[in-house]
Structure formats: C-alpha cells, structure tokens
Amino acid sequence: MTAKNYKHLLEVKDLHVSFKIMAGKVEAINGVSFTLDKGKILGIVGESGSGKSVTSYSIMQIVDKNGHIDSGSIVFEGEEMLGMSKEKLRNIRGNRIAMIFQDPMTALDPVYTIGNQLEEAVRTHENVSKKEAYKRSIEMLNLVGINEPEKRMKQYPFEFSGGMLQRIVIGMALVCKPDLLIADEPTTALDVTIQAQIIELLKDIQEKMGMAIILITHDLGVVAAICDEVDVMYAGRIVERGTADEIFYRPAHEYTKGLINSVPTLADDHELEPIKGNPVNLTRLPKGCAFAPRCSKCMKICLEKFPDQIELSPNHYTSCFETVRLLNSEGIIDITAKPTVEEEKKEVTEENRVVDEPAKEKTIREIKKLVKDD
Amino acid sequence: MTTKNSGMPIGFGLGKKNPLSFQVDLTLLQRATEDEQAAADIKGKPSSFFKDGLVRLFHNPVALVSFIAIILVLIAVIVIPEVWPYSYDLQLGTYYSDGSYNNLSPMEYGTAELARIANGETIFPHLFGTDSLGRDYFIRVIYGARISLIVGLFASIIVLIIGSIYGSISGYFGGKVDLVMMRIVDIIYSLPDLLIIILLASILKTTLNIDNSAFLSALGTGMISIFIVFALLYWVGMARLVRGQILTIKKEDFVLASKASGASGFWIIFKHLLPNSISVIIISVTLQIPSAIFTESFLSFIGLGVSAPMPSLGSLASDALNSISSYPYLLIIPACIISIIILAFNLFGDGLRDSFDPKLQK
Amino acid sequence: MNSKFLSYILKRLIMAVVTVFAVITITFFAMQLIPGGPFLAEKSISAETLALLEAQYGLDKPVFIQYLNYLKGALIWDFGPSIKKTGRFVTDIIFSDFKVSGIIGLIALLIATFTGSILGSLAATHQNKVGDRVIMVLSTASIALPSFIIATVLLLLFCVTLKWFPANGTSIAGYILPTITLSLYPMAYITRLTRSSTLDILNQDYIKMAKAKGLSNRKVLFKHALRNSLTPVITYFGPEFAYIITGSLVVEQIFAIPGLGRDFVSSISNRDYPMIMGTTIFLTDIMVIMLLVSDILYKVADPKVDFD
C-alpha cells in the first residue's frame, strides 16, 4: 500500500484497446478518459458493443487473450497499472479492486462449494487461518442477506437461485474490503424484482463500506437509482459525462437523448422513438463521429472529424458539434435539450436552469418505475 | 468561451488553417443529407450462410488440400483402370512361367522383361513393382483404393438413408413412437459392432451363395457382409443426429405455419425439416465415409473382406506383412494410400464442420 | 439425490443385461445360419470332441432347447470344447489368453489416459502456438489412420529397420511396442477431448472470476480448470476400453502376441465356432461391464449432471 497522496481514486486517460478477430481488428475502445473519486458511484451506460465492459476488464487487466491495450494510462490510487508486474496486479485484484460479472450462475465454479470459494477469496490475499477465513465468510454472507449461512457454506452453486448467487458473488468480491468495486451488468441476468433487491443491496453495502463503485449497465433505471456520475459510451468513446442529474435532465448529446427517449414510460402516450440506423461496425470506424449516421442533427462536419470534448458545466462534458453550434448561435453557456418527456422547446437561460418541478417529479417517477415495482 | 470572433464559429476546431478554403469550411456546418449519412454508415456485406461457409472453407488450407487429394484419388480410381495395360489379377510369373517377373521393386524390370525390351518390345514400367505372384502392384493398389471408395460411399449412403428416415420419423412424431424407436436405437447402439461384423462376416463367408452374379462374387462375401452390417447397425448415430435436429427445428414457427395450412407429416419432414438439417447431415456423412473405409480395410486385413484375387488396401497390407523385411515397399505403398484417403476425408470433414456447423458459429 | 442415483444405476444395469442377451441371441442365430450347423459342418472333429459338443449343446435336440443350453453356457462362461485346439476348452483358452491381453490393455489404457490429459491440457494452454499445432497434427493422424497401418509402420520402423525391439512378443521387451501402439488411438482421442474441454472451460465466467479474485495462473489452472475439464474424459473410459479390445485384434496379430485377439482372429479363419462364439460373448460382457462402470463414475464425478 502506498502512502502517496493522489487526487482521484482512479484516473483513466486516453485508453485505446483493440481486438484481433478473423474479420479484422476491432477498435473496442478509442480514447476513453474519466476519473473516479473515493466513495462515488459511477455508471457507465451504452449499448452492446459500446465498449463499456472492455473498459472495466482493462482496469482489472483481464482482457481476453486476443485483446490488446494499445495505449493510454490507468492510474489507481496513484499507481500506474499498465505495465505493472503480474504479482502486483494479482495483489490488487480481488483485494483493492474487485469485480462482479453479469451471470451469477456461471460466475462460480460448479464443482466446489461456495464456502470453499469464499474462503479462497479471503486466503488468497490475507494470511489467515481456515477458521478465520470461515468466520469472515459467514460474516459476509450475513451482510449480503443470505440466511442460514453455515448451511449455505456447504452447498454447491447449482443449489441456489440467481438472485441468491449474485448476493454471494457480491459478498465474495467484498470480503477483502476493496476500495473499488466494478459491477459489470450485475442485474441484467436477473428477474426485475430481484434486480431491485440487488441494487438496494449494493446501495446499502456502499453506505456501510464506503467503497467506490463502477456500475456498467444498459439499463437507465438502474443508473437513476444509485449512480452519482454517469458516463455515456458509444462505439468505444465517451460521448457525454456528467452527474446523474445533468445527464437525465439536461442531456446534451443526441445519443443520450435518444437513450432516454427510447425508454417506454406509462406517463403519456408519446410514441416510442427508437434510435434510427444500425449499431456501429467496430472493424471500420468512420473518421468522424461514430454516431453521425444515426443522428438527426448530423452536420457535414460531423462526418469529417470527431468532436473535441467541451465543458457545459464543471460536471458536465460532451463531444458533439451540435452542442458547439448551439453554444455559438445562442451564445449561452448552458444549453438544454427538450426536457425528457415534453415536446415543446424551452429556451433556457442561466436564470431558469432548473427545469420546472412538476416535470422533474414526473421524470423521476418514470425512471424509478423501471427499477422498483411500486 | 462563448464569444464569437471574427464570425468564425469556435469550438469546431476549424481554426484558421486554410484561409483559402474559408467558404468551404462554413459549408461543413450545414446539415448532412440522408445520403451522406447512409454513405458513412459502413455495414458489413450481407451474405448467406451457405456462401459464408464456402468462403470460410476454401480459406482453410488443410480442408482445401484434402479436397484436392480426394478429387485426385477419385479421378485416378475411375480413369486408370480403363487405360492401364496390366490387369489386377494377371500373374505375370505364372503366365510366362518365369519367376523373374515376381517381386520386382518399383520401376524395376525383370530379366525376362529386359530381354524383351532388348528385342524391341516396349514394356510399360511397373510403377510400384510387382508382388510375389508377379502381378503389377500399381494397378492392384488402384483397385484396392477403388474398393475402399466404393465401400465408403455406399455404406455411407445406406447409413444416410436409413438413419435420416428413421430419425426424422421418430423425431417428428414424438411421443410413444419416439420412445419406442429410441429404445431400439439404444439397444443397437450398445452392441459391440466390430465384434458382430466379424461374426457375421465369418459366417457369411461360408454360407452366402452368390456365384450367380459376377459382380457380387467379384466383390466377395466380405464386402456384402459389410454392407449388411452397416445397414443393420451403423445407421443409429445418424438417426440420433437427425432426430435431434428435427426436435429443434420442429419448434420453429415456419413449421407451425406449414401445419396450419394443412400439410401432412411426411410433407413437412421432407420439404422443411430435412433441408434445414442438411449441413449437419452432410458433415456427418463426410465423416462416416472414412469410418466405413476403415472398417473395410480392417476386415480385409484380418482376412474377412474381399476375396482374392480382388485386392483391398487392407488385404494388400496384410499379405505384405510376411515379406516385410525383404520387400517393405509392398507394405508401405498401400499403407500410404489408405492413410491419405482416410486422412483426407477426415480433415475435409473437420473443415466442413468448422465452416458450416451452426453451433460453432461465433 | 440418492434415490435418483439408484434408479439411474438400475436403468443402466437393465440396459447392460439386455445388450448381453441380445449379443448371445445374435451369435446363436448367426451360428444357425451355417448350413449343416456350425459344429457338424466341420469334418475334422474327433469323436471325443463331438461327444463333448453333444453334451454341451444338445446338437440333435430342437432349436429352442439348443438355445437354452447355449444361453445357460453363455451366462456362466462355459462354451464347450474348442474344435481346432483339440483337448482344450474354450473357456480355458480365453482365460489364459486374457491374462496377457488384459494386462497389455490395462497398461495401454493408463498410458493413454495419463499422457492424453497432459498433452491436451498443454495444447489448450498454448493454443495456436507451435506446441499446440504439433500435438493436434499428431493426434489427428493417430485417430484417422487405421491401427493396423500405424502398427505395421511402427513394426517396420522399430523392429525391422532400427531393430530396437524384437519383432515378436515372447520377452518383456517384445511387449513394449505393442502396448504403446495400442495406446496411441485412445491417447490421441483423449488429447483432443481434453484440449477442447479445457478451451471451453478457460472461456467460462468462473475462470475470469477466479482471475479477478487475484488467484495465480497456476491455481486457476490446477484448482479450477483441470478439475472441470477432466470430467468428459471419464465418460470416455467405456468406449476407450471397447477400442482397446478391438485394437488388440490387430496389434497382437502384427506383433505376434499370444493373446486373446490373436486367437480370435485365427479362430475365424479356422472356423472354430465354439471359440468364435465364446470370445464374442466374453468380450461383449467385459465391454458392457466397463461401460457401466464408466457411466457410474461420471455421475459421481460431476455433481450437477442430471440423471437421464
């Protein structure tokens, strides 16, 4: 453990990752940068192929064999992780950074009891007796809400339901009290009601243990429920970053707006607006903005070059030429898209930056509906 | 940050790089047309499953080489017997009552032959030499290969026909029919097939009376028993495979649609279910061929295959064992040929499977 | 779970019994196909042998009685006297031969399993590198090429040309090459099986999870990957044994081993029918037992496999 003073818990700078497959070279990540501070929950959203999972695998350095981290930097607690020795990396994995995966049913080895695997997690990093490891495992099972922990320790993964397994997996990840937890689509493989429980559990544990979380998901409802900050990814790049409030109430990038608008709500009868076009072919990335072919505000320049990131507010960045155009033409610092549900354009200035309350209430309710069953 | 300067929009990164193209730069801020957007949307080329598979197959060097080898062998066994000056059963030594024709090395001429050449005769060389009875070995090997291929082909066809019909009936009708049919398959599957083949082949060798057909007696009882046993035992693997496919496809919607428009069971089986399983069936047949060839050569090797004088690659190898130290080429040549044939089919079948098996598609 | 297990064993047991019965019946009726009857068709039978055969099979009684006599004998492995090897009983011949074949077969099995799993795991962990390619080519060749080809070529190479081993199986040294030859096909099969199973396993989420927990590569491989990838190998024991049996026919012939395979092949050309029938049934029984054992072992090894 270093006693260095570092500014951010995790700092990713200009990461480039590619994969070699039969059809060519897949540029999975093309210049991703973000920071995460202690105790914060960051949500990374995007569709399949956006590169969100690869980003997390790169942090842990468990990318698939045909994947290659081409360039960039990943600094965790002040130390550069790319190029770190294998032992140091192993020391960090499971210990200071932990990860949980999407499908709990396949995340555990089917031929060993969960007690065996929990104790393995403890004893890999801490030199404690089997008894002590057993005790810690029981404590963790209690913490994640598994009843009769002594009995459960002797059971095999196939004897549990998906929800219970995911709790166990979370427990296993946290048993060494890591500073960062990466959760890769932790609720996608579960039923909707169980999803809510798991999200509640994560929130709960985060409050108790204070670790930072990177939550990767394509489900906006999950993001709305617990994330502090959100990064929106498309085709291996972050197209918009901001706090959860900024992203939901003042989305700037057309893709973000599209994501939010394509979520069906029970509120009013506006038509579902899917995002037109096809997902990007990652073996042949266009030279301009990758979203341009599908964007309703596409300008010719969008097809020519990739927009630089611009700051809309201290917590809100985006890479979009349309945003720049609006900034220039309306001469305002803050721009707003349509508030998420209503159609009418609202000219917002510095003064009435805050969207009116009733609309805000409605939107919060809509989004929360996706997470809880009330 | 928001102030404009000299009318040039900022934030686009256009800068003042090229003053001459001032006007052109501004046009970049116009909305892109739908065509321009579509042009930038680079999609992969669409192509059918079959075409994709073929491309993949022919980029596989091993499969390609195997395919060529198979074609070459096929051509050889069809064409050469027609044009070759020697026949497979002509014992030159006995014919000329001259032992110098026997056991010649590849490309060697016997003393009698040399004398005849000196006399002005042209004698076609023995590419692979001759065997202990003075028979040209090259043509015998070719005939042996021909037998192997015939057995491989017909045995596989038998397996294909019986297996797919049985499997599709069982799979399509399901229920009790399926249950009973599969129990029978289980029993047959558990029988030790090689032992039974040996048993039947040895019985049939002594009992089968086939002198009334020239073709059949040329083939020999061994061959016939191979076909009989294949027809009785070896189709079960194919039946299971086809049944599995049927069961999967049965649930697809287009089958339901066909039923709804009144198609009968057999029609559905032949028109819809079987064609969709084609790729799996073809792969299976291609891998069945070398297995049949293996069985035939194995039986011939232990003396139960084709009857002399018709050669089989297996019987050639077996005969060559006795003189292995003096005339090793008698063994090596048929060994190589049969290895090439079996290997080529296996590798090609593997290549087919890698290219076409839907389960392996990533 | 225990009752499920028991009913599974019962089902398999019934299947095994049915198979044996089927084979006995098939051999009996196959024998009946021979004009004049299998035993009487041979003119060279001595009077004593004929009397023994008469007692054993009831040769002049109706077919059904003959079948029952036959069945009785087959179930207790009593097949009567050999026609060609006068003075000896088939069962005795089989047992004394099997001492040799059984040992060779067992050793070949062990070699194949052990070497095969190691080679397969190595190939998987070095996927697409040189070692993997070499191993795969060799194993494909061993599987595709007929055993008698491989055996004769090895005989040619090591006994005739290099003269490293004696060409016949009278001394211990003479047993080495045939045992290795016999093990080649199953070894190749197990190599491929282990390799694809290991590759499969290495792609599983729980391996990624193990790595994400910070386990060393060695621990991941030996504790998690290996244990899981070996279960398919267990399913192969039964068929592997069946192969060893048929492979021995060829190997014993070529290397002149005085085993059951060689005697079986010669009994075929000698038309020694009691011997043919007896050996077929005996070998089937052994095969069926081994298949049963391997099926049970598999269910024990893999706790979550469902009972068919």
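In strand 9 of chain A, Val230(A) stands opposite Gly43(A). The model is predicted; local features require pLDDT of at least 70, side-chain atom pairs count only at pLDDT 80 or more, and totals for chains, interfaces and linings use all residues. Residues are numbered from 1 along each chain as its sequence is written, while chains are lettered from A and ligands numbered from 1 in the order in which they are written.

Strand 3 (residues 41–45) of chain A pairs with strand 9 (residues 229–234) of chain A in the parallel sense over four bridges. Strands and helices are DSSP runs numbered from the N terminus, a strand being E with at least two residues and a helix H or I with at least four; two strands pair if DSSP finds at least two bridges between them. Strand 3 of chain A is also joined by five bridges to strand 8 (residues 212–217) of chain A, and these two strands run parallel. Here Leu42(A) has Ile214(A) of strand 8 as its bridge partner. In a regular strand the side chains alternate between the two faces of the sheet. In strand 3 of chain A, Ile41(A), Gly43(A) and Val45(A) point one way and Leu42(A) and Ile44(A) the other way, and all are buried. A residue is buried if 20 or more other C-beta atoms, placed from the backbone, lie within 10 Å of its own, exposed if 12 or fewer do, and partly exposed in between.

Helix 1 (residues 52–60) of chain A is likewise mostly covered, with nine of its nine residues buried. Among them are Lys52(A), Tyr57(A) and Met60(A). Just after this helix, Gln61(A) takes a positive phi of about 60°.

Chain B has 16 helices and zero strands. Of its 362 residues, 38% are buried. Two residues are in contact if their C-beta atoms, placed from the backbone, lie within 7 Å. Among contacts in chain B between residues at least 6 apart in sequence, 71% join residues at least 24 apart. Arg240(B) lies in helix 12 (residues 236–250) of chain B. This residue is partly exposed because 19 other C-beta atoms lie within 10 Å. When residues up to four places away in sequence are not counted, Arg240(B) touches Gly167(B) and Val185(B). The C-alpha atoms of Arg240(B) and Met182(B) are separated by 8.2 Å, although the two are 58 residues apart along the chain.

Between chains B and C, 35 residues of chain B are in contact with 36 residues of chain C. On the chain B side, at least two residues each come from helix 8 (175–190), helix 9 (193–207), helix 14 (265–301), helix 15 (313–321) and helix 16 (329–356). Helix 9 of chain B gives the most, with 10 residues. By class, this side has 25 nonpolar, nine polar and one charged residues. Ala, Val, Leu, Ile, Met, Phe, Trp, Tyr, Cys and Pro count as nonpolar, Asp, Glu, Lys and Arg as charged, and the others, Gly among them, as polar.

Within chain C, helix 6 (residues 147–161) and helix 7 (residues 173–202) pack at an angle of about 145°, with their axes 10 Å apart. Axes are lines fitted to C-alpha atoms, for helices over the stretch in contact, and angles run from 0 to 180 degrees between N-to-C directions. The contact is made by Ser147(C), Ile150(C), Ala151(C), Leu154(C) and Phe158(C) of helix 6 and by Leu177(C), Thr181(C), Leu184(C) and Tyr185(C) of helix 7. By class, this contact has seven nonpolar, two polar and no charged residues.
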